[in-house]
Amino acid sequence: KKFKTRSGDTVRLVDLLDEGISRAEQKLVEKGRDKELTKEELEAVKRAVAYGCIKYADLSHNRNHDYVFSFDKMLDDRGNTAAYLLYALTRIRSIARNSNISQEDLKQAARTTRIDLGHPKEWKLAKCILRLPEVILRCLDDLLLHTLCEYLYELSNTFTEFYDSCYCIEKDKATGAIVKVNMSRLLLCEATANVIATGFHVLGINPLEKM
């Protein structure tokens, strides 16, 4: 419903944020995250999710148009929401960790490894990554941040297509031991994560290591 400023029938920002934290915690508990995260981690995650989702719900719409605010839609981990993108970023970051590749290893590889774009999904992801400067310049020109939100959502979906089609880590089916690491594809993962993190920085959203 519309805020009625004259009658005083408005929702205070602090109440909106507190409600967001309460609902974010409820969602995390429903998914069993309270059993996987420490108390301190859960506290950090629920605040980052709540504040990020509230900001993103506002910024992902054209500021010149009306929209209906919905906590359920805002906290949904599917679709163009901060919850979905936060989860996508933590998942991408975990790929290198699961392959026992450190950030220093990735930085060194970025200087020496040739990026192979032979697979159509690799090529599609690389082109999407390279559009970041164009998107930022457009936002600076028209001051409409929903363009950046739409781009981050598109990038996340493009990454999913890439990851579903292109193995980054090959494991032995019997033992689960890592047999081969495709460093070129890991660097595409890292580039995707860096772009999403940069977008979060512009939007004022705190990324998470675990979620």
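**Exposure, fold and helix packing**

User: Is T112 buried or exposed?
Analyst: In this predicted model, T112 has a relative accessible area of 59%. A residue counts as exposed over 50%. T112, a residue of helix α6, is therefore exposed.

User: How many Å separate T112 and E170, C-alpha to C-alpha?
Analyst: In sequence, T112 and E170 are 58 residues apart. In space, the distance between their C-alpha atoms is 22 Å.

User: What percentage of the residues in the protein are buried?
Analyst: The C-alpha trace spans about 65 × 45 × 25 Å along its principal axes. The protein has 211 residues, and a residue counts as buried under 20% relative accessible area. The buried share of these residues is 39%.

User: Is α7 roughly parallel or roughly antiparallel to α9?
Analyst: Helix α7 covers residues 120-129 and helix α9 residues 146-165; their axes lie 9 Å apart at an angle of about 160°. Angles over 145 degrees count as roughly antiparallel. The orientation of α7 to α9 is therefore roughly antiparallel.

User: By class, how many nonpolar residues does the contact of α7 with α9 have?
Analyst: On the α7 side the contact holds K121, E122, K124, L125, C128 and I129, and on the α9 side Y151, E154, L155, T158, F159, E161, F162 and S165. By class, two of the residues in this contact are polar and five are charged, while the nonpolar ones number seven.

User: Are α7 and α10 roughly parallel or roughly antiparallel to each other?
Analyst: The axes of α7 and helix α10 (residues 183-203) come within 10 Å and cross at roughly 30°. Angles under 35 degrees count as roughly parallel. The two helices are therefore roughly parallel.

User: Which residues of α10 make the contact with α7?
Analyst: The contribution of α7 consists of E122, L125, A126 and I129. By class, the contact of α7 with α10 divides into six nonpolar, one polar and two charged residues. The residues on the α10 side are R185, L188, A191, T192 and V195.

User: Are α9 and α10 roughly parallel or roughly antiparallel to each other?
Analyst: The axes of α9 and α10 are 10 Å apart, with a packing angle of about 160°. Angles over 145 degrees count as roughly antiparallel. The pair is therefore roughly antiparallel.

User: How many nonpolar residues does the contact of α9 with α10 have, by class?
Analyst: The α9 side includes L148, L152 and F159, and the α10 side includes L188, V195 and I196. By class, two residues of this contact are polar and one is charged; the nonpolar count is 14.

User: In which crossing does α9 pass α10, left-handed or right-handed?
Analyst: Helix α7 passes α9 in a left-handed crossing, and α7 also passes α10 in a left-handed crossing. For α9 passing α10, the crossing is left-handed.

User: Where is the place of L143?
Analyst: L143, a residue other than glycine, has a positive phi near 60°. L143 is exposed, with a relative accessible area of 56%. Its place is the loop between α8 (132-142) and α9.

User: How many Å separate the C-alpha atoms of R114 and D18?
Analyst: R114 is found in the loop between α6 (103-112) and α7, and its relative accessible area of 68% makes it exposed. Along the chain, R114 and D18 are 96 residues apart. Their C-alpha atoms are separated by 48 Å.

How values were computed. Residues numbered from 1 in each chain as written. Predicted model: local features only at pLDDT ≥ 70, side-chain atom pairs only at ≥ 80, totals over all residues. Heavy atoms only, no water. Axes fitted to C-alpha atoms, helices over the stretch in contact; angles between N-to-C directions. Helix = DSSP H or I, 4+ residues; strand = E, 2+ residues; numbered from the N terminus. Parallel < 35°, antiparallel > 145°, perpendicular 65-115°, else oblique. Left-handed = near helix turned anticlockwise from the far one by under 90°. Contact = heavy atoms within 4.5 Å. Nonpolar A, V, L, I, M, F, W, Y, C, P; charged D, E, K, R; others polar. Buried < 20%, exposed > 50% of the residue type's maximum accessible area, 1.4 Å probe, protein only.
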